[in-house]
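Please open the model in your viewer and follow the selections below in order. Each stop names what to select and then describes what is found there.

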Amino acid sequence: SFCTLLAIREMPSAARVTLPASIDAWRGVLSKALALSTADMHVPPQFAITHGKSGKFLTSFGQPVAASSPRHSGVLSALMPLPEAVPAPGGELDDEPRRLRELATRVSSGGEFRPAGQQRWPDGAHSLARFDDPVPYDGMDLVMPVTLRTGSLRAHSAQISLPGGRCDEGETPEQAAQREAVEEVGLDVARVEVLGQTSRLYSFPSQAFVHPCVALADTFLDTRVASPDEVQSVHFVSLGALVADPRFHQRLAKKWPETGPVHMPCFRTTDGVVIWG
């Protein structure tokens, strides 16, 4: 469903993008999307992984033959609305919620986006957007916390990641994803509803199947660096910005040993950190 919304950017006459207007509407859209098979899913070009020479869509990198008994991990894609514009009586919005509100106000109206410390796109990045300017959007934006992993970890060090980790014995991927979200970013998982899982992915560096779990919260939930040994910082991805603003997504050309040359998505977080992969 998210990819279908992004397809609006392919329409030459697009003047505004309309997102679901409420949590209930988002819940319905996401539930329908999770029920789709890969074959039934439309993926706009800027969000597809394609082979660099043939242009063929790559939906999976497969599983090495040697991994007869692979490990399993769960990660949590915790989607939540923006913080309320009006703080609680006697208090003010913290810096991060205030910044997210300011970002949404600018991007939804097609305004300027240039956060302090914005990272440059990596070499080989290019845009497929037909529009040079952002398309204003209506409806409810959702944001999703991601973490920058510390440089001392054995696998995926100094990379952007969804909160999550390896399944303990007897633990399901959903349980592992929720436990790790509490341990890594202090997320109140009792206030999120897990709607389902997307297709599992195989991670070559960690030699494990990764099960992405999609969850939805009714309100904005505070996050923080709860495990400094694993997490360096917490950032947010805005679905509204990705849908409506070409400044948030690029295409990146890479060459991987397992697949050869590939073109893949490249995104920005709300504070300008680059994510690719």
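This is a predicted model: local features need pLDDT of at least 70, side-chain atom pairs count only at pLDDT 80 or more; totals for chains, interfaces and linings use all residues.

Of the 277 residues in the chain, 45% are buried. Contacts may be displayed next: among those with a separation of 6 or more, 70% join residues 24 or more positions apart.

**Helix H2**

Select residues 23-34, which form helix H2. The helix has 12 residues and reaches 16 Å from its first C-alpha to its last, close to the 16 Å expected at 1.5 Å a residue. Now show the side chains of Ile23, Trp26, Leu30 and Ala33, the buried residues of H2. Because these residues cover an arc of only 85° around the axis, they lie on the same side of H2. Turn to the face of H2 directed away from its buried side, where the exposed residues Asp24 and Lys32 are carried.

Tyr202 and Phe209 are both buried. Another aromatic pair is formed by Phe220 and Phe236, with 5.7 Å from centre to centre and 35° between the planes, a tilted arrangement. This pair links distant parts of the chain, 16 residues apart: Phe220 belongs to the loop between strand S11 (208-217) and strand S12 (231-238), whereas Phe236 is in strand S12. Phe220 and Phe236 are both buried.

Arg200 lies over the face of Phe209, at 3.8 Å from the ring centre.

**Ser227**

Finally, move to the loop between S11 and S12 and select Ser227. Is Ser227 buried or exposed? Its relative accessibility is 13%, and the cut-off for a buried residue is under 20%, so Ser227 counts as buried. To view its surroundings, display Glu183 and Glu184: Ser227 is in contact with both, when its neighbours within four places in sequence are left aside.

How values were computed. Residues are numbered from 1 along each chain as its sequence is written. Side-chain values use heavy atoms; hydrogens and water are left out. Helices (H or I, at least four residues) and strands (E, at least two) are DSSP runs, numbered from the N terminus. The expected span of a helix is 1.5 Å times one less than its number of residues. Buried means under 20% relative accessible area, exposed over 50%, partly exposed in between (1.4 Å probe, protein chains only). The arc is that of the directions from the helix axis to the C-beta atoms. Rings of Phe, Tyr and Trp (its six-membered ring) pair if their centres lie within 6.5 Å; planes under 30 degrees apart count as stacked, over 60 as edge-to-face and the rest as tilted. A charge sits over a ring if NZ of Lys or CZ of Arg is within 6 Å of the ring centre and within 35 degrees of the ring normal. Contact means heavy atoms within 4.5 Å.
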